[in-house]
Protein chains: 2
Amino acid sequence: MKNVGVLLSGCGVYDGSEIHESVISLLALERNGANTVCMAPDINQHHVVNHLTGQPTEEKRNVLAESARIARGEIMDIKHVRTADLDALIIPGGFGAAKNLSDFAIKGKDAEVHPEVRRVIIEMADAKKPIGAICISPAVLAKVLEDRHPQVTIGNDLGTAEAIDAMGGRHTVCEVTSIHVDIENKLVTTPAYMLGPTISKVAEGIEKLIKKVLDMA
Amino acid sequence: MKNVGVLLSGCGVYDGSEIHESVISLLALERNGANTVCMAPDINQHHVVNHLTGQPTEEKRNVLAESARIARGEIMDIKHVRTADLDALIIPGGFGAAKNLSDFAIKGKDAEVHPEVRRVIIEMADAKKPIGAICISPAVLAKVLEDRHPQVTIGNDLGTAEAIDAMGGRHTVCEVTSIHVDIENKLVTTPAYMLGPTISKVAEGIEKLIKKVLDMA
């Protein structure tokens, strides 16, 4: 049985991991025979957004504790993750990837990535283990692996695509129900809710991504 | 296209809606051709539980705003829901059903149910529209519909089953991958994470439940 890390960034599209993308990933991994290992950094969220109004609140929430909602409590602090124990890594989307795992949402191409997130991605890439990144999270890959010129998709958003190219990545336009594969770097990406429009379309792309990542693992 | 209400109770298994059950329901509804209408009551949660430690915290969170995380912001205050607009209703599980929609987790058979939740369930039942209830939420149905002696399952937990019977329901033991159907009352129930053990088993039962509910709608 393959062990696949799932890197979460909170719980909710506007300030954490996109919940649908995360659950669809966990379900597809298990249905394809993989064991999942959820992980997140033990840091405060960049901010908390009321998902009813879309407005930030004064609250403080912890990325690891909120991610534990999606993982039903079974989650590791990423600093304890040994990539030698993993066969592949999946990074669901949601603004958490661009606000908590990195600050791409604020700084664009000049983004910094959380050091433990950086470590895990680099160790996986160095070991030639596949990484699947969903929605906005390919931007994190593009930043961390900038020297390797990773080919990724986030759909067709021009500003985001330009930032990815500026970081050293190579962006490819892709439909929500499809995936883009960087064979050399073993990266699989899909636009998901960067394009939407609905959960079943998003699921189609993610299910292809999970199968491809497991094939490559 | 059938309109199906999805009644949420927060966002997280220990103090709100069980996230996997909710997302699997939304996905199965769309894949089976239904339009979904998410709803929740605009009240404070009974409490907030840190899902990493399992311990309650001092925080206050609102059921509607937290449910909006699962619904990606597209959610109605249940008090504005007109059941004439719905063809069926789904109630995912999680402790939120037993702490926020009702106080079954605290009072057992003497539970009270939020008046708008009660209204929606009774109006759906009176109109002979099907209701699917997952995990612990069949206990809410058993309380609201006690005079109609609803047949439900929550798996095989003896204490919960006894409380359901004491409220006027009739509990039936059921496997996680199966559903129980009360033809007379048009209720479909599945144990989900009351039994677990894993997301793909839970999904198998929920997918059967959604298909059955839509068949009956």
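This is a predicted model: local features need pLDDT of at least 70, side-chain atom pairs count only at pLDDT 80 or more; totals for chains, interfaces and linings use all residues.
1. Extent of the interface. The size of an interface is often given as the accessible area lost when the parts come together. Here about 3200 Å² is buried between chain A and chain B, and carbon and sulfur atoms give 55% of that area. On the side of chain A, the residues that lose the most area to chain B are Leu52(A), Arg69(A) and Arg72(A), which together make up 25% of what that side buries. The contact involves 39 residues from chain A and 39 residues from chain B.

2. Polar links. Eight salt bridges are counted between chain A and chain B. In one salt bridge, the side chain of Arg72(A) meets that of Glu18(B), at 3.0 Å from N to O. Across the interface, 18 residue pairs are in polar contact.

3. Make-up of the chain A side. Helices H1 (19-31), H2 (63-70) and H8 (199-216) of chain A each supply at least two residues of the side that touches chain B. H1(A) gives the largest share, eight residues. By type, the residues of this side divide into 19 nonpolar, 13 charged and seven polar.

4. Nonpolar cores. In soluble globular proteins, nonpolar side chains tend to be buried together. The largest nonpolar core in this model has 108 residues, and those with the most contacts inside it are Ile19(A), Leu89(A), Ile90(A), Ile121(A), Ile19(B) and Ile90(B). Leaving aside residues up to four places away in sequence, Ile90(B) touches residues including Val4(B), Leu29(B), Ile134(B) and Val213(B). A second, separate core of 34 residues includes Val81(B), Ala98(B), Leu141(B) and Val152(B).

Technical notes: Residues are numbered from 1 along each chain as its sequence is written. Chains are lettered from A and ligands numbered from 1 in the order in which they are written. Side-chain values use heavy atoms; hydrogens and water are left out. Contact means heavy atoms within 4.5 Å. Buried area is the accessible area (1.4 Å probe) that two parts lose on being put together, summed over both. A salt bridge is a side-chain nitrogen of Lys or Arg within 4 Å of a carboxyl oxygen of Asp or Glu. A polar contact is a pair of N or O atoms within 3.5 Å; within protein, one must be able to donate a hydrogen and the other to accept it, and residues adjacent in sequence count only if both atoms are side-chain atoms. Helices (H or I, at least four residues) and strands (E, at least two) are DSSP runs, numbered from the N terminus. Ala, Val, Leu, Ile, Met, Phe, Trp, Tyr, Cys and Pro count as nonpolar, Asp, Glu, Lys and Arg as charged, and the others, Gly among them, as polar. A nonpolar core is a set of buried Ala, Val, Leu, Ile, Met, Phe, Trp, Tyr and Cys residues joined through side-chain atoms within 4.5 Å. Buried means under 20% relative accessible area, exposed over 50%, partly exposed in between (1.4 Å probe, protein chains only).
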